[in-house]
Amino acid sequence: MTLPAPYRPSIHFTPETSWINDPNGCIYHQGLYHLFFQYYPDDIKWGPMHWGHATSPDLIKWSQHDIALYPDSLLGAIFSGSAVNDKHNVSGLFDDDKGLIAFYTSHLEREAPLGPLQQQCIAFSKDNGFTWEKYEKNPVITNPGIPDFRDPKVIYHEESGHWILIAVAGQQVNFYKSLDLLTWEDAGVFGKDQHNDSLVWECPDLMQLQDQYGTSYWVLFISCVSSQEKPFPPMQYFIGEFDGHTFKETHQDDRVNVVDDGYDFYAAQSFFEAKSESDKPIWLAWANHWPYANLIPNNGWRGTMSLPRELSLLKKANEIALAQQPISAVCDHFTHTSTASENTLTLSTAVGTVHKLSVHLPNANQSSANFEVKAGASQSAIFNWDSSSKTFSLDRSALKPEHFHDLYDQLVVADLSKEMAETDTLSADIYIDQSIIEVFFFDGERVMTSLVFPNTTFSSFVSHTEQLNTTYSMVTI
């Protein structure tokens with residue numbers, strides 16, 4: 001199926017052409033957000049990976065640039081990684097504070113019985129990230145003898161005075177430390193018996209987040225390469241302590257700490273040295289799901305990034321959970337236009353329009369609700385709140401492309417039982433940008449990201465519940 005041109009998202013990054021997946025090298029530098037990403041320029045399916053490159057002044061309007069990193073015959077394809085600003089030139093590679101260093105995994109295909117070789121490498125840029133040179137002494141961290149060893153995320157740890165590199169190693173993460181960003185030594189490990197330890201871990205991130213009382217915690221994120229039989233959750237997180245050597249989980253839960261309740265949020269990465277207006281870290285993710293990623297409709301391009309989100313923690317009683325909200329630059333674009341009359345709303349069908357529906361259901365612990373966002377006469381995204389199970393679901397089966405993956409028919413479900421324990425009002429902000437829907441519950445306590453593929457533009461909102469209060473705002477980019 002070809003995705004009609006008007007359904008390219010307006011405020012979500014997509015490539016001009018070809019295939020993309022994981023965000024890489026996210027960094028804010030000299031007034032620009034740099035987004036690098038896994039990129040295969042020769043097809044709309046996954047292939048030998050490059051690093052594509054785009055920049056934005058506001059994380060909404062993007063400009064795509066020349067390819068940043070190409071595969072090479074010696075070390076292989078360019079897999080995921082991160083970037084930092086070597087502003088004090090500890091590496092000795094630069095003459096001023098414009099030096100950026102990218103860390104990536106080289107992936108070399110080898111004949112059986114050897115299998116692929118994954119190692120950690122660097123490249124550096126002397127012109128603010130627009131051209132890159134690979135380090136002549138790559139790899140900087142050699143493979144320790146395992147098939148899955150990739151996706152370096154580098155941060156600076158103030159307390160120890162070291163640069164820290166986190167790489168996934170099968171079902172765990174390995175920590176390395178360095179003073180010069182070139183030579184690395186083992187620091188510690190974390191993993192095993194941490195819920196989804198039968199799945200291959202990918203794309204780690206590590207950052208300090210604060211709760212609403214100003215208390216800081218270290219949070220470690222990982223993504224999971226799952227089979228079609230075990231497709232969930234794509235991302236999870238751990239809350240704990242980090243001393244510059246290793247991570248210790250201190251706030252364990254019986255359930256997996258799920259980053260996003262949708263299927264389509266993967267490999268999120270935070271922007272180095274970027275904070276929102278409220279001084280919170282910012283990240284975005286690849287909005288896709290591996291079991292059907294190579295099958296999604298396209299119009300010469302395939303792959304979408306999520307909305308950029310600011311991150312914090314929310315403490316309730318003795319539990320701490322991740323909170324995510326669209327950055328203010330996104331929220332500020334929307335203007336209030338209308339409130340539902342007789343439970344219906346007409347949506348703008350102008351090309352480039354992004355919709356925001358804010359729904360509130362008083363007495364939600366006793367009242368269920370059902371509403372839909374319609375695209376033409378026969379297609380709808382159907383939302384349902386079940387007051388007995390305290391679950392919010394999205395049925396997108398009517399928006400399924402022909403001959404698409406069966407996983408798409410499954411309900412997308414968010415369990416809000418813990419969140420509803422302290423309130424009687426269900427609240428959600430629903431952002432609809434052509435072919436992607438992101439739902440933020442209770443100011444971001446839970447989030448649900450889903451791809452959708454209507455044959456025509458979304459044009460109306462219909463509620464089948466009298467008590468549901470809904471306001472509509474929109475922006476045209």
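A residue is called buried when its relative accessible area is under 20%, exposed when it is over 50%, and partly exposed in between (1.4 Å probe, protein chains only). At 15% relative accessibility, Asn138 therefore counts as buried. The structure is a predicted model, in which local features need pLDDT of at least 70, side-chain atom pairs count only at pLDDT 80 or more, and totals for chains, interfaces and linings use all residues. Residues are numbered from 1 along each chain as its sequence is written, and side-chain values use heavy atoms, with hydrogens and water left out.

Helices (H or I, at least four residues) and strands (E, at least two) are DSSP runs, numbered from the N terminus. Asn138 sits in the loop between strand S8 (133-134) and S9. A polar atom of the Asn138 side chain lies 2.9 Å from the backbone oxygen of Ile122.

Two strands pair if DSSP finds at least two bridges between them. S6 and strand S7 (residues 117-125) are joined by 9 bridges. Thr105 stands opposite Gln120 in S7.

The hairpin of S30 and S31 has 4 residues between the strands, and Phe442 takes a positive phi near 50 degrees. In strand S31 (residues 446-451), 6 of the 6 residues are buried, so the strand is largely enclosed by the rest of the structure. In a regular strand the side chains alternate between the two faces of the sheet. Arg446, Met448 and Ser450 point one way from S31, while Val447, Thr449 and Leu451 point the other way.

Aromatic pairs were searched over the whole structure, and 37 were found. Rings of Phe, Tyr and Trp (its six-membered ring) pair if their centres lie within 6.5 Å; planes under 30 degrees apart count as stacked, over 60 as edge-to-face and the rest as tilted. The ring centres of Phe13 and Trp62 are 5.6 Å apart and their planes stand at 65 degrees, so this pair is edge-to-face. Phe13 lies in the segment before strand S1 (18-29), and Trp62 in the loop between strand S3 (50-56) and strand S4 (63-64), 49 residues apart. Both Phe13 and Trp62 are buried. Phe103 and Trp184 form another edge-to-face pair, with 5.9 Å centre to centre and 85 degrees between the planes. This pair links distant parts of the chain, 81 residues apart. Both Phe103 and Trp184 are buried. Phe371, Phe383, Phe392, Phe441 and Phe461 form one aromatic cluster.

Technical notes. A polar contact is a pair of N or O atoms within 3.5 Å; within protein, one must be able to donate a hydrogen and the other to accept it, and residues adjacent in sequence count only if both atoms are side-chain atoms.
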